[in-house]
Amino acid sequence: LEHETIAEIEPLVPRVVSTYFGDHNFRVIENPKVHVQLDDARHYLMTTKEKFDAITSDPLDPWVKGAAMLYTREFFEIVKSHLNPGGVVTLFVQLYESNTAAVKSEIATFMEAFPNGIVWGNTQDGRGYDLVLMGTLEPLQINVDEIQAKLNRPEYAPVAKSLSEVGMYSAIDLFANYAGRGPDLTAWTRDAIINRDRNLKLQYLAGLGLNLYQSDRIYADMLVHAKYPDGLFTGSDATMQALREAIARMQGRGMAP
């Protein structure tokens, strides 16, 4: 990593984070490679000429005023325009205190901009909790053995430790959280409402999910359409077999399709 920019709208956050949560975020604010830009993240992307290898967005709940602007078709186009070749974007999607219509809207809108997008699941006690959507400009291929080799290197020890703290002890554990790709989820999102700047429908759909706890059901319904992603992962025969079995276990299947 050569340079990282954090766009944060609240000036108190960098000061508080660096003081009280440094042990948990690798003291990121103190890192000389990190620049904190006090700005709304969308406004920052719209006004900078800089391009990035990776952009990650972790907004507030989409029913919060203004947050739905970070889930629109237009915003994802802005993000695309700031990705370098080979770049990736990730987006947090909550399943808790949400509903099927809101989650479908978030995923379908993202996949319109990133047709080869991938869904990664985060479960709690084996039940659906939230998601991370990942988009790329070009189709992605992940060499699992190469990722494991990096995690084994001394300079990646903090990353490996951080992953182990959430129950991921290897690259196989990490990628076992695969939960679907854009083309496979088309049938599930066919009735989704695309969230756009001019209507912000997601803000209202998400508001109807406030105080609902349907995350496991939403996740299970989505997984029905999640086929094993042939061509996405590469590695040794043993690694591929272990990954296939791990994905099947995480998705609650007896064996991978």
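Is Arg196 buried, partly exposed or exposed? In this predicted model, Arg196 is partly exposed, with a relative accessible area of 23%, a value that falls between the limits of under 20% for buried and over 50% for exposed residues. Arg196 takes part in a salt bridge with Glu112, in which the closest N and O atoms are 3.8 Å apart. This pair links distant parts of the chain, since Glu112 belongs to helix H4 whereas Arg196 is placed in the loop between S8 and H8, 84 residues apart. Glu112 is likewise partly exposed, at a relative accessible area of 38%.

A second salt bridge, between Arg73 and Glu77, has its closest N and O atoms 2.3 Å apart. Both residues lie in helix H3, with a spacing of four residues, or about one turn of the helix. An α-helix has 3.6 residues a turn, so residues three or four places apart point the same way. Arg73 is buried, with a relative accessible area of 16%, whereas Glu77 is partly exposed, with a relative accessible area of 33%. Through salt bridges that share partners, Arg73, Glu74, Glu77, Lys80, Glu112 and Arg196 are joined into one network. The count of salt bridges comes to twelve, and one of them pairs Lys161 with Glu165, the closest N and O atoms being 2.6 Å apart. Both Lys161 and Glu165 are exposed.

Besides Arg73, the buried residues of H3 are Phe75, Phe76, Ile78 and Val79. The elements that cover the buried residues of H3 include H2, S3, S4 and H4. From helix H4 (residues 100-113), Thr109 is in contact with Tyr71, Thr72, Arg73, Phe76, Ile193, Ile194 and Asn195, when its neighbours within four places in sequence are left aside. Thr109 is buried, with a relative accessible area of 0%, and the side chain of Thr109 reaches the backbone oxygen of Ser105 at 2.6 Å.

The largest nonpolar core contains 40 residues, and the residues with the most contacts inside this core are Val103, Ile107, Phe110, Val119, Leu131 and Met222. Two or more residues are given to this core by each of helix H2 (41-47), strand S3 (52-57), helix H3 (73-81), strand S4 (83-94), H4, strand S6 (127-136), helix H8 (201-207) and helix H9 (215-223). Among these elements H4 gives the most, with six residues. When residues up to four places away in sequence are not counted, Val103 touches Val93, Gln94, Leu95, Ser98, Leu131, Trp188 and Ile218. Another core, of 17 residues, lies apart from the largest one and has Trp120, Val144, Leu232 and Met240 among its members.

Helix H9 also holds Ala220, which is partly exposed, with a relative accessible area of 39%. Although Ala220 and Gly128 are 92 residues apart along the chain, their C-alpha atoms are separated by 7.4 Å. For Arg153 and Ser236, which are 83 residues apart in sequence, the C-alpha to C-alpha distance is 19 Å. Arg153 is found in the loop between helix H5 (144-151) and helix H6 (157-164), where a polar contact of 2.8 Å joins the side chain of Arg153 to the side chain of Glu155. The relative accessible area of Arg153 is 37%, and Arg153 is therefore partly exposed.

Phe26 is located in the loop between helix H1 (12-20) and strand S2 (34-38), and Leu200 in the loop between strand S8 (178-181) and H8. Phe26 is exposed, with a relative accessible area of 51%, while Leu200 counts as buried at 17% relative accessibility.

Technical notes
Residues numbered from 1 in each chain as written. Predicted model: local features only at pLDDT ≥ 70, side-chain atom pairs only at ≥ 80, totals over all residues. Heavy atoms only, no water. Buried < 20%, exposed > 50% of the residue type's maximum accessible area, 1.4 Å probe, protein only. Polar contact = N/O pair within 3.5 Å; in protein donor to acceptor, adjacent residues only side chain to side chain. Contact = heavy atoms within 4.5 Å. Core = buried A, V, L, I, M, F, W, Y, C linked by side-chain atoms within 4.5 Å. Salt bridge = Lys/Arg side-chain N within 4 Å of Asp/Glu carboxyl O.
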